[in-house]
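Have a look at the structure, try each task, then check your working.

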Amino acid sequence: MEKDKLKMEGNSPPLLKVDNLSKKYLIKKTLFKKEYFKAVDNVSFCIDYGEILGVVGESGSGKSTIGKLILKLIQKDSGKIIFKGKDIDNLSKSEEKKFRKDTSVVFQDPRTSLNPRLKVYQIVEEPLIIHKIEKNKRKDKVVKAVIDAGLDETFLNRFPSELSGGQRQRVAIARAIVLDPDLIIADEPTSALDVSVQLQIIKLLEKLKNEKNISLLFISHDLNVVGNISDRIIVLYRGKIMEKGKTSDILKSPKHPYTKILFESLPPDHPSHRKDLTAIPEIEREDIEGGCVFYHRCPVADEICRKEPEMKKFQNREVYCHFA
Ligand code: ADP
Ligand code: MG
């Protein structure tokens, strides 16, 4: 109800606003020196109510780190994360509880994300217990979530090991929706599944978005999947946003050289033709300290790219490139 109210107010803040988010990991520590790796570098974006924002980038580009920072599973170094108008660093105890209830996550591999010792009923019930939902209300909620996730009551008594990969991911989704969240972080939710099952899970997530007005941060390295499901996309490279915009605009006319390589020759929705993110032609060029982070692989880089580009803002589009 609250989300409907906020949505109708017009000028209401977006569901999630991420401003200049940065995170580096300590990778080496000696007596004299600490070495860090910048996993997320000055990233900003919003997610509206009922919107799917796709985050695409190759392995190691910082996608999961962004998801974990939003969920407060790890600490950011700098930047702001505003959820429903409130800075998630400054929540009261009750606001913190509500934040945990309003956000949930679906991970890549349901074999490892589901407790193998619990039955489906218990797996889906667990968040309700954690959030102290009365016992007599729990059963209805569990059954509804399982059915909403496309399973039926016969699954409640089964263990994860008795289910197929797609069914397990539906259980993970049932668990993620059982508290009626506003935002789900879906981190490569289809990457461990067979291609035929991937599409069913995408359809399910779209249905949940439409029927329950749930927003999604949909993380994937698969351009076809992200292109299919997302309203808007951010393209990450080495922890930085290369391009941000509406999916249809980016698919039609990508502006950043990296996005062009990724999307320009993206085949129509045909799984057997999916494009491999690692298949970008390597260009023999050294990295430049303080320059564009894509310099070493960029087909159009020039002298000016020794200086780091600003994020250029166009209508409905932002591009990290001197030539945009
Ligand atoms: P993605 O999800 O896009 O594959 P991640 O966010 O998982 O990327 O990781 C981004 C980068 O940060 C990678 O190079 C990864 O090796 C590094 N990284 C992730 N977690 C840690 C950690 N806990 N300690 C050190 N480095 C990490
Ligand atoms: Mg990841």
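**Exercise 1: Who builds the shell?**

In this predicted model, β2 (34-47) and α2 (63-70) each supply at least two residues of the shell around ligand 1.

Task: Find which element gives the most to the shell around ligand 1.

Solution: 
- Start with the list: ligand 1 is surrounded by Y25, F37, A39, E58, S59, G60, S61, G62, K63, S64 and T65.
- Now pick out the top contributor: α2, with three residues, gives the most to the shell.

**Exercise 2: Polar atoms at the ligand**

Task: Work out how far polar atoms of G62, S64 and T65 lie from oxygen atoms of ligand 1.

Solution: 
- Take the backbone case: a polar backbone atom of G62 sits 3.1 Å from a ligand 1 oxygen.
- Move to the side chains: S64 places a polar atom 2.8 Å from an oxygen of ligand 1, and for T65 the corresponding distance is 2.5 Å.
- Then check the cover: on its own ligand 1 exposes 560 Å², of which the protein buries 63%.

**Exercise 3: A closer look at E58**

Task: Decide whether E58 is buried or exposed.

Solution: 
- Locate E58: this shell residue is found in the loop between β3 (52-56) and α2.
- Apply the cut-off: buried means under 20% relative accessible area. E58 has 16%, so E58 counts as buried.
- Finish with its side chain, which makes a polar contact with the side chain of Y258 at 3.2 Å.

How values were computed. Residues numbered from 1 in each chain as written. Chains lettered and ligands numbered in written order. Predicted model: local features only at pLDDT ≥ 70, side-chain atom pairs only at ≥ 80, totals over all residues. Heavy atoms only, no water. Near = heavy atom within 4 Å. Polar contact = N/O pair within 3.5 Å; in protein donor to acceptor, adjacent residues only side chain to side chain. Areas by Shrake-Rupley, 256 points an atom, 1.4 Å probe, with all protein chains shown as cover. Helix = DSSP H or I, 4+ residues; strand = E, 2+ residues; numbered from the N terminus. Buried < 20%, exposed > 50% of the residue type's maximum accessible area, 1.4 Å probe, protein only.
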